[in-house]
Amino acid sequence: MSTRKSGVLLPIASLPGKYGIGSFSKYAYQFVDQLKEAGQSYWQLLPLGPTGYGDSPYQSFSTYAGNPYFIDLETLIAEGLLTKTECDSCDFGKNARYIDYEKLYLSRFKVLHIAYERSGISRKKKFKEFISENAYWLDDYALYMAVKNHFGGASFIEWDEDIRVRKPETLEKYRKKFAKEIEFYQFQQYKFTEQWTKLKKYANDQGIKIIGDIPIYVAFDSADTWAAPKLFQFDKDNMPIAVAGCPPDAFSATGQLWGNPVYDWTYHKKTGYEWWIRRIGYCFKLYDVVRVDHFRGFDEYYAIPYGHKTAEKGKWKKGPGIDIFKALAAKLGKVDIIAEDLGYLTPSVIKLVKDTGYPGMKVLQFAFDSREESDYLPHNYTSNCVVYTGTHDNNTIRGWYDELSRPDKKLSVAYINNFDTPPKEISWDFVRLAQSSVAKLCIIPIQDYLCMGSEARINTPSTLGENWKWRMSEKDINKKLLKRVFEMTKLYGRL
């Protein structure tokens, strides 16, 4: 990111297309072409992992595995693994604008299993090579999912003791018992990787780089936690001592109890951060740039005693600091990382971001607080940052602007000088502000280019039930919009 560039934030799940959810379909390739036509250089995604309770991509069953929902069924039809009739007969939900995860779950694995049975995959040389190359995570993930299904979808913490603590003879028993199902999960990952690799290459060939997103923590209900409890603060019985979250603040009187296991940083340091180096290295096989969520946790992390119902009794503890990034640099060389440094930042966090040299994030929706001067106002930026109008956790600009207090709205009007902008066009004023800033990289959620309101919001933090559902229509983006994006990108030197 040595020159001024811009890109668009759009999750794979939010792409248009058939069969209930966005995927690595023709619409993904079409979106790459649209990015190129609009003069963009980056496509930013949300995490690509398989989702569990709450459908959040930040709570995945594996830090390595890909979401089988993203496997394009039309490609499988073209390969002769499915028929159009088989896919069309499934109920993936009726509303093309919103994902119905319950219907998706009941239908998608059904057709993927048909494709698996028809594939003869166990005889394929490339499949065997894939299994061998990825055995360090795939073996545990596929077994985890098979055993999880056996126990009715329960997390490993609720399994029988012998398999929960991974007794060798019990592991072998389950591997034999569920050999077929294990191979089905391996098949899913093979097809995911095959399709994603092809799409990423196409994007790169068109001059579009991919920004991936990884959570700092892994999910409690995950193969990673079950397979390697020594990485986390667990007791001798493989039960967690503490879990992650955020302390009480103005937004939540009891704080946020995320529930992710917190790392045993003493152990990681002893290993030279081997697990982290492997994890980040794998990310750079998938993406060109990696945005690390909750970067503050490397400086200090909030640990809540396991079993507590709120985050009120947690304590801040020291993280690994700059050591881990020195280890990454020594093994991986110079890599493009974006530090998600949003929220309350202590001097030590600010110093850590500066010492790494990674660009931090600036979000315009955080800038207009009439009570105080804000670091998120563009005149306070340095060039080594990434500016967003909003992120997946924010409302759209239009939805946010509608809810602004009168003093904050007055400040924004004065700052942008947008006294006569029609409400439907207000997001373009903030797009212009982001594009014109000194930030080396500018990322705009597609909803803000489309001038959409709160109905297009991706996620409302600390809520369940209505998140991660929004999808774009194939008719939303047209030539007129692409030309307008191109002209603004050109105007501010980001082509």
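Predicted model: local features only at pLDDT ≥ 70, side-chain atom pairs only at ≥ 80, totals over all residues.

Colleague: Why is Gln365 called buried?

Modeller: Its relative accessibility is 9%. Buried means under 20%. Gln365 therefore counts as buried. Gln365 sits in the loop between strand S10 (360-363) and strand S11 (385-388).

Colleague: What makes the approach of the Gln365 side chain to the backbone oxygen of Asn395 a polar contact?

Modeller: The distance is 2.8 Å. The cut-off is within 3.5 Å, so the pair qualifies.

Colleague: Which other residues does Gln365 touch, beyond its neighbours within four places in sequence?

Modeller: Among them are Thr389, Gly390, Ile397 and Trp400.

Colleague: Which residues of helix H13 are buried?

Modeller: In H13 (residues 322-332), Ile324, Phe325, Ala327 and Leu328 are buried.

Colleague: How do you know that they line one face of the helix?

Modeller: Look down the axis of H13. The buried residues fall within an arc of 155°, so they line one face. The face turned away carries the exposed residues Lys326 and Ala330.

Colleague: What covers the buried residues of H13?

Modeller: The cover includes helix H11 (265-270), helix H12 (274-286) and helix H14 (347-356).

Colleague: And what follows H13?

Modeller: Gly333, with a positive phi near 75°.

Colleague: Which residues touch the most other members of the largest nonpolar core?

Modeller: That core has 163 residues. Phe31, Trp43, Trp196, Trp276, Phe298 and Ile446 touch the most other members. Not counting residues up to four places away in sequence, Ile446 touches Val8, Leu9, Leu10, Phe31, Trp470, Met472 and Ile477.

How values were computed: Residues numbered from 1 in each chain as written. Heavy atoms only, no water. Core = buried A, V, L, I, M, F, W, Y, C linked by side-chain atoms within 4.5 Å. Buried < 20%, exposed > 50% of the residue type's maximum accessible area, 1.4 Å probe, protein only. Contact = heavy atoms within 4.5 Å. Helix = DSSP H or I, 4+ residues; strand = E, 2+ residues; numbered from the N terminus. Arc of directions from axis to C-beta. Polar contact = N/O pair within 3.5 Å; in protein donor to acceptor, adjacent residues only side chain to side chain.
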